Amino acid sequence: MIFYLLFVITIALLLLLLSMVWPPDSPWSPWWRTNKKTALKIIKLAKITEKDFIVDLGCGDGTALITAAKNKKAHGAGVEIDPFRVLIAKIRVLLGGVSDLIVIKRGNLFDQDISGSSLVIVYLIPKTLKRLKKKFFAELKPGTKVISYMYQIDFLPEVVRDEDSHVYVYLIPKKRTNTEKN
Ligand SMILES: C[S@@+](CC[C@H](N)C(=O)[O-])C[C@H]1O[C@@H](n2cnc3c(N)ncnc32)[C@H](O)[C@@H]1O
């Protein structure tokens, strides 16, 4: 019995350690998340208002969306591939009293229709951000803000940044330059 218990604890600890170094855009990476302080910074820098409809691609536990809904009454949708985090986000939306403003869906962010958003939030690794280029230009209207936490986006014009918080705000341009088309 003791041996069995020790075995389970060891496996659990190993999984916990592994999850800390797992790529941040993959499931089972619970330590890579936006905290409330950063979410407030995002709201301030991106000037989020109640008129905004935010899409959070890979929304995790939904902190950014929930904070924007609570503080600014912004509407939004989060898409998340990891069922466990979807469950956590849904519970937090419910407990936070913002279920009239925020919807959390389980799914692949590449399949999410983002055309109706005024603002997109991402906290994804550069490789995934690069893959989003086509989708951003195909679906987002000029003037849509894209906020990236932690990683910079090299294919969009930057509006403002907070280097200390690693928050970067971009804008979908009116006219695509040749670099943006490639
Ligand atoms: C670095 S975490 C950020 C989580 C959340 N946005 C935050 O800031 O707290 C990246 C999230 O993207 C999710 N993710 C990765 N690839 C995805 C995909 N293809 N579709 C949907 N979610 C995805 C992961 O499960 C993870 O929750």
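Guide: This open sheet has 7 strands in the order β3-β2-β1-β4-β5-β7-β6, with mixed pairing. It comes from a predicted model, where local features need pLDDT of at least 70 and side-chain atom pairs count only at pLDDT 80 or more, while totals for chains, interfaces and linings use all residues. Residues are numbered from 1 along each chain as its sequence is written, and side-chain values use heavy atoms, leaving out hydrogens and water.

Visitor: Why do β3 and β6 stand at the edges?
Guide: β3 (102-106) and β6 (158-162) each have a single partner strand, so one side of each lacks a neighbour in the sheet. Strands here are DSSP runs of E, at least two residues, and helices are runs of H or I, at least four, numbered from the N terminus.

Visitor: How do you know that β2 joins β3?
Guide: A pair needs at least two DSSP bridges. β2 (residues 75-80) has 5 to β3, in parallel, so by that definition they pair. G76 has I102 as its bridge partner, and V79 stands opposite K105.

Visitor: What makes β2, α4 and β3 a right-handed unit?
Guide: With the strands pointing away from the viewer, the path from the first strand over the helix to the second must run clockwise. The β-α-β unit of β2, α4 and β3 is right-handed, so its path runs clockwise in that view.
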